[in-house]
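Reader: I'm new to this one and would like to know how the labels get decided. Could you take me through them?

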Amino acid sequence: MGHAIAGIAGQAQETGVDFALIGHQESWRAAADVVRVLRGPGRAPVPDEDIREIFPWIPPRAVCRVEVSSTTGAKARGLYIDSFIPPDRLDGAYLYDNIGCVRAAAACAINASAGIVSLGGFSSILIEGNFDLLPERRTTVFTTGNTLTVGFIVQGIRKMCAQEGRDLCRSTLLIVGATGDVGSGCARCLAPFVRRTILCARNCGRLCALAAELEADGANTEIATSLEQLPLRADIVICAASLPSPSLLLGRISPEGVICDAGYPKNLHPNSDMPGARIFFGGLGQITSGLSFTPDFSGILNRHPFPDVAHGCLLEGMALALEQRFEPFSQGRGSITPEHVKAMEAIAARHGIHLAPLYNAEGPLEGAVGTPPQPESVGCKRSRAPNENDDRKFGAPGSVPGDWPAIAEA
Amino acid sequence: METIVALNCSEPAACPSPNASIWQDILAQAVTGELMAAMNYTALSTICDDPEEVAEALEHAQGEHGHAAAFAAEGRKLGVDVPSNINAKYWKRIREAFMRCIAEHDFIACLIIQEIMLESFAVASYTRVGKAGPGSLGATFAAIAAEEQEHIGHALDILRAERAKDPQRFDDKVYRLHLDVMTTLTEMVAKECRHGQCDLCHSSCVKPSLSEVGLTTVELRGASLQHYLKSLDALGLPGEVTLQWVMQLPV
């Protein structure tokens, strides 16, 4: 046993990894599974109560090594670093503690000389507009990973609409958390292709600015600052709010609406009463050439019914590492454009990273093999086409996280 | 309970403070830990080759003895006599582990046990007690925590240099000592003493009563293991490996 662990220690002394993924557990069940794997076989399980007591004390650190393979034959080596933010401490009351956790996790990535770091889940929300909060970075660069998340959400919406025979251009799209980085990116990608877009978020000023931007491009938009005030019934919904727990209850939705829950933690309340709705978990991709963890956290860190599936935000860092493009592709808030998304999707696709098969809490909604994405294959376009030669914009100014809304935007 | 090492204690004050019996048991652990540290440094001086190292070890021993005396004095202020017992169940096991390293003339292993493992627990738990303890009692714990932290800083330099020579061998050694010593230390700060009394509490186990003075075993254990992990990080051991080590300790 000691020898085996010492062996891992030897590996860990190799300097420099291609990428690091910073994340946190979205439930106590997931946290318990992480502890179980770390304890290894043959040891008494840690009672749930003890896990809740131990977890908040664990300093942010690498949990395992990750290796990802490309269809080109390239491989990239990385680390999964957990910030050990307790799953029940994601709300604003713990904001500064949690920023401290993300900073410490970022320091781990920097100390490991990671080429690129993806910020998963709340890590990116805590930092996205405040990259100056991160420790001195030396050669390590950070990406929120939100561009690929947006790409997979949009692909998922298109795929689900195609499966369900829905006509995107006749649909009303509701985006909850519309002014966040992910929400606004989805709005820019989809608003030109739908009949009408309802943007829902708490900050009226940001909503108006986003609506004006979309309308200038020919989109038809409405805004709402709460779900109780929706002006229209939505046929398609993207839930991209940064909620500390699944608590969203949707109101004016078509009985057979298509709903993408792209939150981490999930947005939708588990008791949402939408019997006819087609709900799927969005923003997920699948690596076709393999993803491995040492120690083996397969199915623990990526808790999906299909193999080698991960959140788009994490996959973005892996894709950039495979591409040897160590650059802060996604930074700031509200700067994701269709052109960025298209460029990121192309990078991911070159390495065999595609939209994951769709599923929801009840299980898979399709077979195990993901269909390679066909962007813009469904729906009709309402405004100018994305121009992949447009200049990329990085590091747009973001918000100060001290202003923590009850429904933040992912 | 027998006092193993005399501390020039004067008579206890006449009127014990409220919660004095709880503080008495907490102080008994602290005094015993400090006395054991003093004995460990004295033993360490016997295997040092360099006269400067010998002098330094003896100086540390004296400092730890002073800490024990300071804790005992705080007990007297509360009106209680603070016992010590380095043969108490857990402390004895730790002492034996340390003395095995002395027998092997393994200076580095001794430093790892004393400065990384024991001092991590001392600094983290004293800091917590320092915040919860009233008046001079809290101040004494906080001040000693700060002094112990300085020890760690000095030892880290020596240990980092040693690790740089052969990281694999160094990490193997730390792991071996971890299994030996940290298992005992975590049992000591577990929520319950499942294997019977610790031989230091003056009546029943003090752990269930800690909340009455603003402390919990959860907090003491959590803070101590967190400090230990950070000390190992500072030595350069891989975080994913040390996390496994700690998660595999008894709960």
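Reader: Where in chain A is D308(A) placed?

Author: D308(A) sits in the loop between β14 and β15 of chain A. Keep in mind that this is a predicted model.

Reader: Why does D308(A) count as buried?

Author: The cut-off for buried is 20 or more other C-beta atoms within 10 Å. D308(A) has 21 C-beta neighbours inside 10 Å, so it counts as buried.

Reader: And what is phi of D308(A)?

Author: It's near 55°, a positive value in a residue other than glycine. F84(A) isn't a glycine either, and its phi is positive too, at about 55°. You'll find F84(A) in the loop between β3 (75-82) and α4 (95-111) of chain A.

Reader: What makes F84(A) count as buried?

Author: Again, 20 or more is what it takes. F84(A) has 22 C-beta neighbours inside 10 Å, so it counts as buried.

Reader: Why is F297(A) called partly exposed?

Author: Exposed needs 12 or fewer, buried needs 20 or more, and partly exposed is in between. F297(A) has 19 other C-beta atoms within 10 Å, so partly exposed is the label it gets. F297(A) belongs to the loop between β14 (291-294) and β15 (309-311) of chain A.

Reader: Which residues does F297(A) touch, leaving out those up to four places away in sequence?

Author: V37(A) and C64(A). There's also L38(A): it is 259 residues apart from F297(A) along the chain, and their C-alpha atoms are separated by 9.1 Å.

Reader: Where are the cis peptide bonds at P295(A) and P265(A), and how do you know that they are cis?

Author: Look at omega. For the bond joining T294(A) and P295(A), omega is about -5°, and P295(A) is in the loop between β14 and β15 of chain A. From Y264(A) to P265(A), omega is near 0° and the bond is cis. P265(A) lies in the loop between β11 (253-261) and β12 (278-281) of chain A.

Reader: How do you know that helix α9 of chain A is mostly covered?

Author: Count its residues: eleven of the eleven in α9 (residues 312-322) are buried. Among them are G312(A), E316(A) and L322(A). After α9(A) comes Q324(A), with a positive phi near 60°.

Reader: What order do the six strands of the open sheet in chain A take?

Author: β5-β4-β1-β3-β2-β14, with mixed pairing.

Reader: What makes β5 and β14 of chain A edge strands?

Author: β5 (141-143) and β14 each have a single partner strand, so one side of each is left without a neighbour in the sheet. On average, neighbouring strands of this sheet are turned by 25° against each other, direction ignored.

Reader: How do you know that β4 and β5 of chain A pair?

Author: At least two bridges are needed. Three bridges join β4 (residues 116-119) to β5(A), and the two strands run parallel. In one of these bridges, I116(A) has V141(A) of β5(A) as its partner.

Reader: Which strands does α4(A) lie across?

Author: β1 (19-23), β2, β3 and β4 of chain A, and α4(A) runs at about 165° to β1(A).

Reader: How many residues does each chain bring to the contact between chain A and chain B?

Author: Chain A brings 24 residues and chain B brings 24 residues. On the side of chain A, α1(A) gives the most, with seven residues. That side divides into 15 nonpolar, four polar and five charged residues.

Conventions: Residues are numbered from 1 along each chain as its sequence is written. Chains are lettered from A and ligands numbered from 1 in the order in which they are written. This is a predicted model: local features need pLDDT of at least 70, side-chain atom pairs count only at pLDDT 80 or more; totals for chains, interfaces and linings use all residues. Helices (H or I, at least four residues) and strands (E, at least two) are DSSP runs, numbered from the N terminus. Two residues are in contact if their C-beta atoms, placed from the backbone, lie within 7 Å. Ala, Val, Leu, Ile, Met, Phe, Trp, Tyr, Cys and Pro count as nonpolar, Asp, Glu, Lys and Arg as charged, and the others, Gly among them, as polar. Axes are lines fitted to C-alpha atoms, for helices over the stretch in contact, and angles run from 0 to 180 degrees between N-to-C directions.
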